[in-house]
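User: Please walk me through this model. I have the sequence and the structure open.

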Amino acid sequence: MIKEIVVISGKGGTGKTSLVGSLAYLAENKILVDCDVDAADLHLILGGKISSSKNFIGSKKAEILLDNCNSCGICTEYCRFDAIKEKTDTSSNITQFYVDEYSCEGCGVCAKFCLDEAITFKDHISGKWFISDTKYGTLVHAKLGIAEANSGKLVSLLRKTAHDLAVKNNNEMILIDGSPGIGCPVIASLTGVNYALIVTEPTVSAIHDMERLFELTQHFGVKTGICINKFDINLKLCDTIEKFSQSKNIKVLSRIPYDIGVTKAQIEGVPYLEYTKNGISKSIYELWDNLKQEIIEPNNKTNMENNKLIQLDKLH
Ligand code: SF4
Ligand code: SF4
């Protein structure tokens with residue numbers, strides 16, 4: 001059975017993607033997915049080469065068929081988004097209507113009220129999605145256009161593609177860099193996964209986000225764990241996170257200290273563990289070992305213990 005693990009955080013800057021990069025370094029036989037489609041950057045750490053690139057049709061936009069349009073203007077009265085404009089040709093004094101595609105939401109109301117069937121709908125390309133071959137495995141990722149909507153739909157497309165690839169290639173795991181926040185894209189990142197790892201840090205806003213994310217994972221019945229990143233920047237708030245996790249019975253899988261090496265690895269464009277085996281490596285290995293314990297079936301525990309020893313060997 002393919003295990004799906006999503007790594008999420010309430011906001012950017014907690015170090016989520018850096019950690020996913022290191023988990024990608026450690027995990028074997030997996031597919032990687034970057035579901036942070038509004039600001040995808042996992043590919044910057046993992047590198048690799050794009051092997052497939054496709055358009056993402058996120059929505060439809062209305063279009064007026066001028067041959068059918070009698071310029072009655074009824075559609076303009078019904079468009080709540082002021083997307084239907086008119087222009088008059090000064091020489092012929094003929095008024096024509098057209099759709100401003102940046103304002104059109106594709107709701108379809110105009111077409112319902114056009115008696116002359118002069119409105120049609122065309123596919124709108126909202127972004128691109130890719131399959132890349134990286135040193136650490138196949139990566140499915142995307143780039144949503146500026147101010148484009150439907151990121152939840154794109155996330156679902158990426159996850160389905162990753163799942164199909166995992167089935168085809170006999171991969172055992174899908175490791176997902178989840179979308180930030182608690183909206184539609186993160187819900188699409190989260191639904192149906194086996195495990196959600198919340199990456200948080202000891203700041204007031206990150207703790208608030210962590211609490212909201214935990215409510216969300218519980219709503220969807222997803223087993224959840226916490227990683228406290230940069231735990232030593234505020235020990236008092238770190239203690240607040242520990243108390244929260246105890247009160248909710250959630251495991252803290254690792255407490256990772258602050259390390260400037262994380263930024264240096266990002267600048268180099270490599271996962272932290274590729275950059276160095278020192279610094280916070282031990283805490284990341286601990287995170288990975290505990291994560292594997294969390295998702296393992298009980299009767300496979302012996303194998304996991306063996307794997308743990310192998311991972312510790314890699315460290316030393
Ligand atoms: S309602 Fe139909 S016919 Fe009238 S202006 Fe709009 S598109 Fe043209
Ligand atoms: S589809 Fe909706 S938003 Fe677009 S032009 Fe028609 S009424 Fe306006």
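User: How do the residues of the shell around ligand 1 divide by class?

Analyst: This is a predicted model, where local features need pLDDT of at least 70, side-chain atom pairs count only at pLDDT 80 or more, and totals for chains, interfaces and linings use all residues. Residues are numbered from 1 along each chain as its sequence is written, and chains are lettered from A and ligands numbered from 1 in the order in which they are written. Ala, Val, Leu, Ile, Met, Phe, Trp, Tyr, Cys and Pro count as nonpolar, Asp, Glu, Lys and Arg as charged, and the others, Gly among them, as polar. On that basis the shell has nine nonpolar, three polar and one charged.

User: Which residues come nearest to ligand 2?

Analyst: A residue is near if its C-beta atom, placed from the backbone, lies within 6 Å. The shell holds ten nonpolar, two polar and one charged residues. Of the 13 residues around ligand 2, the nearest are Cys79, Ala83, Cys104, Cys107 and Cys110.

User: Which residue stands opposite Ile84 in E5?

Analyst: Strands here are DSSP runs (E, at least two residues), numbered from the N terminus. E4 (residues 84-89) and E5 (residues 94-99) run antiparallel, joined by six bridges. Opposite Ile84 stands Val99.

User: Which residue takes a positive phi in the hairpin of E4 and E5?

Analyst: Four residues lie between the strands of this hairpin. The positive phi, near 60°, belongs to Asn93.

Methods. Pairing = 2+ DSSP bridges.
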